[in-house]
Amino acid sequence: MSATFAGVVPVPAGDGETVVAPPGNGPGYWAGGPSAVATADGIYLAYRLRRPVDMGRGYAIVVAHSADGVALRPLVTLTKEQFATASFERPALVSCPGGGWRLFVSCSTRGTKHWWIDAIEADDPREFDASTRRTVFPGDQLTAVKDPVISADENGWRAWVCCHPLDDPDATDRMYTRDATSDDGWSWTWGQVVLGGRPDAWDARGARVSEVLVDRDPPVAYYDGRANAAENWKERTGLAVADHDGTFASVSDEPAAASPHGHRGLRYVSVVRVADGYRLYYEACRADGAHELRTELVPGEASGHRATLSS
């Protein structure tokens with residue numbers, strides 16, 4: 001790997017505090033897929049709720065606020081019926097550079113393995129309205145797109161999008177991450193594949209970027225990986241470092257973070273800077289197989305649960 005990095009990044013221990021419990025007990029009940037934004041008045045968090053397949057899968061996106069990063073107050077709930085989708089996956093919540101908010105929503109096409117991404121905008125997170133949705137990443141017949149990670153500043157917008165190839169109907173769980181850029185966050189130009197699975201590794205089946213620390217030099221990505229199709233929905237978290245061309249190279253010979261419970265799945269890490277360190281949110285498996293939304297505070301710049309990266 002030609003990228004160089006020396007430093008520390010916060011990683012979850014896996015046994016964090018539960019902030020949203022799943023809507024039921026046992027496999028198929030999930031609360032997670034978090035996307036967090038820190039502001040002067042606390043943390044805004046978007047997340048997905050899911051039931052088992054025979055009960056409708058991902059059925060709601062909730063946007064909530066927390067003054068302390070732990071106790072959440074729901075502001076608005078969006079339903080899959082409002083988006084005419086079979087299921088939701090992870091949303092992406094963005095504070096727009098010029099003011100206002102944007103919510104990117106992963107939507108499943110009924111009766112297929114295809115996914116697309118819609119976006120809605122509001123002056124305040126309480127005002128998100130599904131009737132204003134616009135498709136920003138439609139995908140196509142050969143590619144499902146979902147679970148975006150979005151960064152926006154005065155220089156423009158950048159996305160890291162999970163792509164699932166649909167050429168083999170028996171292997172649509174395969175995944176890789178591709179980047180995209182935009183001047184306004186509505187019209188996007190696709191870039192390159194920035195991260196994929198590694199043969200014979202714990203992430204051989206695919207790699208989905210879940211967070212990018214863009215203020216690092218070079219940037220560091222958290223990603224979800226799995227070894228095979230049987231580990232679908234059981235991804236664990238790895239770390240990758242950006243190369244000079246914008247691609248990422250994994251520095252995790254084994255998962256950097258996993259749940260201590262059940263199938264050990266720990267995925268969709270979202271990280272925000274707070275006054276006393278880093279606040280991490282993630283979806284993790286419970287002992288009964290359900291997934292819950294957890295949080296951890298990693299204090300300071302040189303303490304807490306951290307991974308040291310060097311290459």
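Of the 311 residues of the protein, 59% count as buried, meaning under 20% relative accessible area, with exposed set at over 50% and partly exposed in between (1.4 Å probe, protein chains only). This is a predicted model, where local features need pLDDT of at least 70, side-chain atom pairs need pLDDT 80 or more, and totals for chains, interfaces and linings use all residues. Residues are numbered from 1 along each chain as its sequence is written, and side-chain values use heavy atoms, without hydrogens and water.

Start with the overall fold. The protein has zero helices and 22 strands. Both are DSSP runs numbered from the N terminus: helices are H or I with at least four residues, strands are E with at least two. The C-alpha trace spans about 45 × 45 × 45 Å along its principal axes. The accessible surface comes to about 12500 Å², and 47% of it belongs to carbon and sulfur atoms. These areas come from the Shrake-Rupley method with a 1.4 Å probe; for residues, only the protein chains shown count as cover.

Now go inside. A nonpolar core is a set of buried Ala, Val, Leu, Ile, Met, Phe, Trp, Tyr and Cys residues joined through side-chain atoms within 4.5 Å. The largest one has 20 residues, and Val63, Leu78, Phe83, Leu93, Leu103, Val105 and Phe128 touch the most other members. S4, S5 (58-66), S6 (73-79), S8 (101-108) and S9 each supply at least two residues. S8 gives the largest share, four residues. Phe83 shows the local packing: among its partners beyond four places in sequence are Leu78, Val105, Trp116, Asp118 and Arg133. A second, separate core of 17 residues includes Ala92, Ile117, Ile150 and Trp188.

Charges come next. Side chains of opposite charge can pair when their charged atoms come close. Here a salt bridge is a side-chain nitrogen of Lys or Arg within 4 Å of a carboxyl oxygen of Asp or Glu. The count comes to 20 salt bridges. In one of them, Arg48 meets Glu283 with the closest N and O atoms 2.9 Å apart. Arg48 lies in strand S4 (residues 42-50) and Glu283 in strand S20 (residues 277-285), 235 residues apart. Both residues are buried. Arg226 and Glu235 pair at 2.8 Å, and they are buried as well.

Asp118 and Arg133, both contacts of Phe83, form a salt bridge at 3.8 Å. Asp118 sits in strand S9 (residues 115-122), and Arg133 in the loop between S9 and strand S10 (134-137). Asp118 is buried at 2% relative accessible area, whereas Arg133 is partly exposed at 33%.

What about the cysteines? A search of the whole structure finds zero disulfides, defined as pairs of cysteine sulfur atoms within 2.5 Å. The sulfur of Cys162 is 6.7 Å from its closest counterpart, in Cys163, so the gap is too far for a bond. Cys285 is in no disulfide either; the nearest cysteine sulfur, that of Cys162, is 20 Å away. Cys162 is buried at 1% relative accessibility, and Cys285 is buried with a relative accessible area of 1%.

Definitions and conventions:
Contact = heavy atoms within 4.5 Å.
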